[in-house]
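Here is a short briefing for a first look at this model. Keep the sequence and the 3D view open while you read.

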Amino acid sequence: MVQLYNLHPFGSQQVVPCKLEPERFCGGGRDALFVAAGCKVEAFAVTGQELCQPRCSFSTLGRVLCLAYSEADVSNETLQLESDDFVICQKPMELLGEKSSQSGISVTLESTGLADEKTKYYHVQHLLYKRFAPDISSYVFSDDIKLHSLQLLPIYQTGSLTSGRKNLSQEKELLSLFCFFSLPHVGYLYMVVKSVELMSVYQYPEKSQQAVLTPQFLHVIASNNLQCFTVRCSAAAAREEDPYVDTTLKACPPVSMDVCALRIQLFIGLKAVCHFKNHLILLTKADPEAIPERRDSPKRLLSRKGASGKLKAPSVAEAGWNLYIVDTISPVQLYKEMVDYSNTYKTAKTQSCIHLLSEAHLLVRAALMDAHQLEPGEKAELLEAFKESCGHLGDCYSRLDTQHSHLALPYYKMSGLSMAEVLTRADWVLEDGSQKYERGLIFYINHSLYENLDEELSEELAAKVVHMFHAAEPKQLPHILCSPSMKNINPLTAMSYLSKLDTSGFSSILVTLTKAAMALKMGDLDMHRNEMKRHPEMKLVCGFILEPRLLIQQRKGHIVPTDLAAHLKDTQPGLLVASVLGLQKNNKIGIEEADSFFKVLCGKDEDIIPQLLVDLWEAQLIAGLPDVVLQELFYKLTSQYIWRLSKRQPPDTIPLRTSEDLFHSGRGSKAETSPGAYILKDVCSHSQINACSHYGLIYPWVNVLISSDSLADKSYTEDLSKLQSLLCGPSFDIASIIPFLEPLSEDSIAGLSVQVLCQTRLKEYEQCIDTLLERCPEAIIPYANHELKEENRTLWWKKLLPELCHRIKCGEKGQLYLSSLKETLSVVAVELELRDFLNVLPEDGTAAFFLPYLLYCSRKKSLT
């Protein structure tokens, strides 16, 4: 379908001063025009609106049959094809791409020069074969089925308009290629880039003689008028340049949109047309009229002597011709006219308004794709027009209730308009005085508020947005109120609309939490507490998962905790940590974002770790989040435990979980009584049923070791117990933590226990025995009972027994060593045969001391 708009794409007109009647002509370069007549070619300079200036002329060896210009009516050819070159068949056929080689028509390249020249410089690629058939339902003249125009039109990529890429070089890269050909009554436009595809069909209002395709328009001449049609080349090229152009960020009018005729301009006797830059070259030639014979009067004939009676042959009238240059007006000027014209459809709310504004948008887009021919001022003016056209299209799609109303979002984004500007220019009042909010505007505002734009609406505009969504999409109202852009909303206004939702049966966890946040903003703590008590904490966590912005917002790329999050930090820290953990489990917040959130919330520097963040790390480890790197989390926790132990630095808040809570998480064998532990247990156990904790049961000998140190600070012992529990756990990579143990002094019991634990996990048992015998002999037997088993059993008599015998002789801690020796002898007497037992006993020992163990060793066989 071709729509007709009476616009004015043509500007000034001037005459080319040719000496002979033009037979062939073409344009090229920036300002060159070539005209051929017979065996002579004239060249003219076309500059501005002044008269064409002759440049030069030259003669050819023979009559000029075809004239074309090409850069280095660039594969851009205009061929004048005679009717004898085409065969009209009974059955129409269309073969696309390489299939067109099956048409049976061979292509032979001819060249003069070396034998391999044609294979070196030329390549044949089959694009399209189309066979036409006349309409036999009515009589058809042969001229009505003659192909008269064929053209290839390339579009080059010189920098993306919407994707932000920069073209560092001035070299043109082929982006799209289009093929156009025409019959007298219809024209066809194909895209031939990756595949051959029919884009547009042009039905001419009357018989055409020639057509020429440009990136912006199709110009067609009939006998008495010049016709201008829109083309879809820029829309197709935009999709080739960016396959994701039709998204929430960008959009482009569709290739399938109806073409339209912009203008039908009267010209008498049009014969030929060509195009270059912004010039149309038109050849007009008036057809000679038949002049009747002029007869002499009878009286004059009688007066002449010897007058012949034959009539005089009529004189042939000489036909007049002209070669015109018609300048097309600038794209911006035509764009403004199209926008003005579209206003006639604006109040009617019809598709015609969108169609004409889409034409104006494509006009500007096509001009920008040819930006290498533009001056800097022209390009800036076109870019401004492009943004303006996007705003107009956004207005259309936001006001009209169409199936494509969602396009209001990308067009408004491309326009550069702020949300406040869009809301200000939106026309909400209908003719009858009522208000109606169409889907396009709702869609745009909803998505814009979800995207955390760095824009805060005024109190008045925020109130309008709330009213809009309460009328159009009430279920979105809690989400809308949580947007950072709605920061200035009057909490009383917001609460009134939320209360209407609550009383109308629209109750949910999300409404409750939003009301609690607004009550807090109003300073009404009683109302806040009442709202928070409406649901159990686990359901409140689900509400925060539905809308994370109740707790965490982003402004100018930075994490900003909300007032509700700050209040929960002081009143319900367990709920806060559980909610952030729930957000991570549902991929609503990243690991680094969560860390930053707690640091900002607690007002800590990068180097200071708040206890709430440690609580989150511990919960992450228990919950087993899939995207958490275990060893990295181990490093975070152990380094924090070690730092606080080495600095004797207590946590800034009471830990939500004790070491006992952490060990029994997922095992269900111990009730949790620490603050916030219940809700954390629910969230963690929800993620992994029967999960095995990464915190292990602390070895018994460790408890004996640390009991020798009377530490008054309970928080200090809690950090130590958690660190020891991690080291006793099944997943910890001990070797990775060794370099970070340096701040923990080995002189302290804490440092000693961690050192011996690490050495034990690394199976350095002999070194551990020496350390314990030296530093804490009372722990050596519990250590040996727990660690010296199976293949390490031999260390009882090969390492521990000799060491104890040696140290008893030294006299220090004699009683401790003596009791440990007795325990060791009891184990060795059971494990070894009598002969082996005798071999491991010291030679200088007292026989009476070892006698009971020897007797037991000799009797154990008979006893068994």
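Lysine 40 stands opposite serine 59 in β6. This is a predicted model: local features need pLDDT of at least 70, side-chain atom pairs count only at pLDDT 80 or more, and totals for chains, interfaces and linings use all residues. Residues are numbered from 1 along each chain as its sequence is written, and side-chain values use heavy atoms, with hydrogens and water left out.

**Sheet**

- Strand β5 (residues 40–45) pairs with β6 in the antiparallel sense over six bridges. Two strands pair if DSSP finds at least two bridges between them.
- Helices (H or I, at least four residues) and strands (E, at least two) are DSSP runs, numbered from the N terminus.
- The open sheet has four strands in the order β3-β4-β5-β6, with antiparallel pairing.
- Its edge strands, β3 (24–28) and β6 (53–59), each pair on one side only.

**Helix α7**

- Helix α7 (residues 408–415) is mostly covered, with seven of its eight residues buried. Buried means under 20% relative accessible area, exposed over 50%, partly exposed in between (1.4 Å probe, protein chains only).
- The buried residues include Ala408, Pro410 and Met414.
- They pack against α5 (351–369), α6 (376–399), α8 (419–425) and α9 (439–450).

**Aromatic rings**

- There are 14 aromatic pairs. Rings of Phe, Tyr and Trp (its six-membered ring) pair if their centres lie within 6.5 Å; planes under 30 degrees apart count as stacked, over 60 as edge-to-face and the rest as tilted.
- The ring centres of tyrosine 412 and tyrosine 444 are 4.9 Å apart and the planes are at 55°, so this pair is tilted.
- Tyrosine 412 lies in helix α7 and tyrosine 444 in helix α9, so the pair ties together parts that are 32 residues apart in sequence.
- Both tyrosine 412 and tyrosine 444 are buried.
- Phe181, Tyr188 and Tyr190 form one aromatic cluster.

**Nonpolar cores**

- The largest nonpolar core has 106 residues; Leu576, Phe597, Phe598, Leu727, Trp796, Leu800 and Phe837 touch the most other members. Such a core is a set of buried Ala, Val, Leu, Ile, Met, Phe, Trp, Tyr and Cys residues joined through side-chain atoms within 4.5 Å.
- Helix α19 (residues 611–623) gives the largest share of this core, nine residues.
- Another core, of 75 residues, lies apart from it, and includes Leu382 and Val422.

Definitions and conventions. Contact means heavy atoms within 4.5 Å.
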